[in-house]
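Here is a short note for someone opening this structure for the first time. Please keep the 3D view beside the text and take the points in order.

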Amino acid sequence: MTLKTEPFVLNIGPVHPSTHGVFRMRATLDGEVILDIEPIFGYLHRGVEKLAEERTYTGIIPLTDRLDYLASMTNNFAYCLAVERLAGISVPERAEYIRVIIAELQRIASHLIAVGAFLNDCGAFFTPFLYMFREREKIVDLFEMVSGQRLLYNYMRIGGFNEDIPDEFLPALAKFTQQMPGFIEEYEQLLAKNEILQFRAKGVGILPREMAINISASGPVLRASGVKWDIRKADPYSVYDRFEFDIPTGTVGDCYDRYRVRVEEMRQSLRIINQAMEQIPSGPVKSEVPHLIRPPIGEVYARIEAPKGELGFYLVSDNSIAPYRCHVRAPSLINLTALRDMMRGWKVADAILIFGSIDITMGEVDR
Amino acid sequence: MILNPSFNLSYHQQTLPPDWPGGFWWHWLVFTLIIIVFFLAMVMGYIWLERRGMARMQARLGPNRCGPFGLLQPVADAIKVLLKENIVPVKADKLVHWLAPLVTFIPALLIFAVVPFGDGAVLADLDIGILFVVAISSISTVGIFMAGWGSSNKYSLLSAMRAAASVVSYEVPVILAIAGVVLIAGSLSLNDIVQAQSVPFILLQPLGFLIFFISGCAEINRSPFDLMEADSELVAGFHTEYSGMKFAMFYLAEYAEALAISAIITTLFLRGWKGPVLPPWLWFVIKVMVVFFVMVWTRATFPRVRIDQLMALAWKFLLPLALINLFITAIEVLTWPEALPWVLILVNIAIMVVLVLLWSKFFKLGWGRVEV
Amino acid sequence: MTVALSGEETAKKIAEQFSGAVIEASDQAILVKSDSLSEIAKYLKDTPEFNFDYLVHISAVDYLDYFELVYQLASLEHNHSLVIKTRCYDRENAAVPSIVSIWRAADFQEREIYDLMGISFTGHPNLKRIVLWDGYKGHPLRKDFL
């Protein structure tokens, strides 16, 4: 005789200690098993695309900071790249190298939060999270040295930077890149072979390869499913084709693979930073750009490999001081498309874990 | 010899301590006061140790404002929580909601009636001491379930169901681990168990100690088994809807149960109050603090298991190991009662290592995905 | 390096399969009729020489006479990309066929375009507002909204 059960609806609500930002999931549960899940977001919609149509091209840079607020530098980078391609502005060598160094530092900082929050969702009660924040403090100190800000930097400009990096930046960066591999080893020692983490994360929330390509996943989510696609290698921008680095990929596409891909990417970013520090030339950091940029009529789509995935800007210009249309291709929004398929059949505890392993930032999802 | 089963059969014939002047009622009054003072002081100490110990392990400072080294932090917490408004949800079952904290808290206090603080210094030297402990500690689960049900909140109900399932599962390895100790000591009375430990039972029953420690952590909902109050999953579990003094009762109950389990571990495995130079009660306090420190250590280090993995751990891993441990202990007691201590210690530790390694190879946790 | 396929050559191949579908082809993009959008998309995905299995993004632009939808496609295997555009001239009841059945990535992006621009996608399984709340009146990203 089978037991008669009745599914009920649980609202894993917008305000929750563990949904990263304001994200709501309406879950239909049968006991602890998830039958269906409906993601509802839009709580952080600020109308960035509409606001961008009324601001000058340089004035949009602070708006782009607030898209993925945990990785502001790469947002600025993508936007400046798009405007430079649209207006045909070239960037001096030194500025390109500084951009690469800062983008890779930002990638390490973002992955530290992603991995720390993922482990926090596993239940490791803040210990790995706080250890990773200790390293992130060092990166944020470096950024403060450069831009004066700790979270929303507004540092890159169209055509380079306004000011050169201060003299103490490169020695401090060298000290950081010497210490960081030791810290990553420390995390690996505690966590990589931890039985409980393996039980919780291995085989959970699998995103198969074909589905990952079909939903246009990008970034670590795509690479963990076995697709070797990284925009820094496939469609190199800035000076990335001068560096040697590997692309870590996973095999299965479960939460554990996504976690491992992020940790390995941190190591590869350190490699890129070391090479860039050796090769960096001296020279100007900003090319001659008018104060109010008027690109010729046209449109452009430019993309970079942001820590969360492929961040792209589609700009349409009508030769005025503000863009006619500025559309953001947000990686977090598109990575979320398969959430329902990844979660069905697992338990409530796994739902939080799977959601944390995709690593989204609500600023990007809602814009 | 340590494995003599009829060691002190005559000792526990009397329930009065050997040389107490006032008689039964004075004994009861003094010990009740001692237990209450000890209990409150230790719980405050536990709260401090947990917050400060975990903070230092997480590379941060922890409370350091109230009093030197933050020692008065628990007092500040208590005052804060007493001054909060007592909110009861509208659809809650009022009586159940009100009674739940009491039903959860009181059994943890009752366990101390049989724990010895010194030679014969125990409120009631029951000759079924450890059985009393096991029976009473299960009552607090009823309180947790009442809290979950009476809150009329789906999160609380989920968490209460998890709690009930897990406590029931972990009772069995606990009892089997205790049975191993009882076999060697020859008595159920806690005072006798302490007296019989010329060699601490942690060395003679290493597997039993491990099983008891893990199952004890699971029973009192501490990490890595704290799914009941999993902050990152169900907000706060069964005590989501509680505030003010009732929440203080739950908070106290959590540490009270930790204190109770530490006290039982000290009594059963670590020689209780016995020790060379210092007075017996001081040894007891030190040992209890050390056991709790190990619990804090595991909390700061490990991630959390999932509910079905928790049950699988109890039924498929700990239960067979506990049964084998009991079997081997029984064989040793029957066939080898005059063995030298160190031989037995080595044999037992070797058996434990072999069994744990072997079993973890064959052990599979959790069913994974359910087809919907 | 991702090669952007030349619009004119690809337009010729598409015109062979679906006559009359291609309105205009330039080096950057191919403009097609909105009715034949899903067939062209399916053809581009299934043909091995193109193999456009990755939909990079969908955008909508409001040129006051018409709406223009921009689809950027990419192939991970051949590492080339293509831009397809389609126009919608009706402002009151703008409708375009949905390509969710071909690339699931279009799911949230089409909902967002419906929400902010007011273009409905026929054949979309769940066309609800996504970033604004359900009772909102109007479509903010249109040029005549504010």
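1. Chain A holds 15 helices and eight strands. The model is predicted. Chain A has a radius of gyration of 21 Å, close to the 21 Å that the globule rule gives for 367 residues, so chain A is as compact as a globular protein of that length.

2. Look next at the outline of chain A. Along the principal axes, the C-alpha atoms of chain A fill a box of roughly 80 × 45 × 35 Å. Of the 367 residues of chain A, 53% count as buried.

3. Three strands of chain A form an open sheet in the order S6-S7-S8. The pairing is antiparallel. In general, strands of a sheet pair through backbone hydrogen bonds, either parallel or antiparallel.

4. Which strands stand at the edges of this sheet? They are S6 (298–306) and S8 (325–329) of chain A. Each has a single partner strand, so one side of each is left without a neighbour in the sheet. From one strand to the next, the twist averages 15°.

5. Strand S7 of chain A covers residues 309–317. Five bridges join S7(A) to S8(A), and the two run antiparallel. For a landmark, find A:Phe313: its bridge partner in S8(A) is A:Val328.

6. Helix H3 of chain A, residues 72–87, lies across S6 and S7 of chain A. H3(A) runs at about 150° to S6(A).

7. Step back to the chains. Two pairs of chains touch, and the pair A and B has the most contacts. Chains B and C do not touch. The nearest C-alpha atoms of chain B and chain C are 21 Å apart.

8. Chain C does meet chain A. Here 24 residues of chain C are in contact with 26 residues of chain A. Which elements of chain C give two or more residues to this side? They are strand S4 (54–63), strand S5 (66–75) and helix H3 (106–117) of chain C. S4(C) gives the most, with six residues.

9. One last point concerns the make-up of that side. The residues of chain C that touch chain A divide into 16 nonpolar, five polar and three charged.

Key
Residues are numbered from 1 along each chain as its sequence is written. Chains are lettered from A and ligands numbered from 1 in the order in which they are written. This is a predicted model: local features need pLDDT of at least 70, side-chain atom pairs count only at pLDDT 80 or more; totals for chains, interfaces and linings use all residues. Two residues are in contact if their C-beta atoms, placed from the backbone, lie within 7 Å. Helices (H or I, at least four residues) and strands (E, at least two) are DSSP runs, numbered from the N terminus. Ala, Val, Leu, Ile, Met, Phe, Trp, Tyr, Cys and Pro count as nonpolar, Asp, Glu, Lys and Arg as charged, and the others, Gly among them, as polar. The radius of gyration is taken over C-alpha atoms; the globule rule is 2.2 Å times the number of residues to the power 0.38. A residue is buried if 20 or more other C-beta atoms lie within 10 Å of its own, exposed if 12 or fewer, and partly exposed in between; C-beta atoms are placed from the backbone. Two strands pair if DSSP finds at least two bridges between them. Axes are lines fitted to C-alpha atoms, for helices over the stretch in contact, and angles run from 0 to 180 degrees between N-to-C directions.
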